[in-house]
Amino acid sequence: MQVEVGSILEAKVTGITKFGAFVKFENDQTAMVHISEIAPTYVNDIADYLTVGQVVKVKVLGINEEGKISASIKRTLPPPERPNRPPRSGSGPREGGAPRPGGAPRGAGGRPAPSGRSGGPGPGRSGAGRAPARTSMASQFPPQPASFEDMLSKFMQTSDDKMSDMRKTMNVKHQSRRGGRK
């Protein structure tokens, strides 16, 4: 039996450490399986997954110049099933072809349109199939979030206020130390 990078072989667990497990192949070669290669989930304690003497399938990941072999158990397992996620809000068409809140097309609302796009029908795009903008609906929706510049300005003001308060506190502490005993 030849141990080559990429091959999947059976091996016997010969030792468990806090950073990984050692396995031995039929030809008496030893490999190390790092803790991150034990299972497809977070592994806190390797003893929860492996025991000494257990026979496991491993995939050979690499062999360095000194002949040390690194292997993986989790890469021999089928990939874990990913739970079905509901679609992200804002992706895809809106239900019933409803317009965006306030009837505003993308790129409107005080923000610059993405490079070269005006938000409306352009070359190769037609306005057919789009609902007409309804300005009367704007009062039914809450106001749009502030622009980046507004949020940045608010953050800077809050930061300046906090820094000012901190300087005042530091000055009071510093002056009380300078005075000495009376």
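Which residue in β2 is the bridge partner of valine 13? In this predicted model, that partner is valine 23.

Strands of a sheet pair through backbone hydrogen bonds, and the pairing may be parallel or antiparallel. Strand β1, which covers residues 8-16, and strand β2, which covers residues 20-24, pair in the antiparallel sense over 4 bridges. Besides the bridge between valine 13 and valine 23, there is one that joins glycine 15 to phenylalanine 22 of β2. The two strands form a hairpin, with 3 residues between β1 and β2.

From β2 the reader may continue to strand β3, residues 30-34. These two strands also pair in the antiparallel sense, over 5 bridges.

What do the strands form as a whole? They make a closed barrel of 5 strands, running in the order β1-β2-β3-β5-β4, and the pairing around the barrel is mixed. From one strand to the next, the twist averages 55 degrees. When following any one strand, the reader may recall a general rule: in a regular strand the side chains alternate between the two faces of the sheet.

How values were computed: Residues are numbered from 1 along each chain as its sequence is written. This is a predicted model: local features need pLDDT of at least 70, side-chain atom pairs count only at pLDDT 80 or more; totals for chains, interfaces and linings use all residues. Side-chain values use heavy atoms; hydrogens and water are left out. Two strands pair if DSSP finds at least two bridges between them. Axes are lines fitted to C-alpha atoms, for helices over the stretch in contact, and angles run from 0 to 180 degrees between N-to-C directions.
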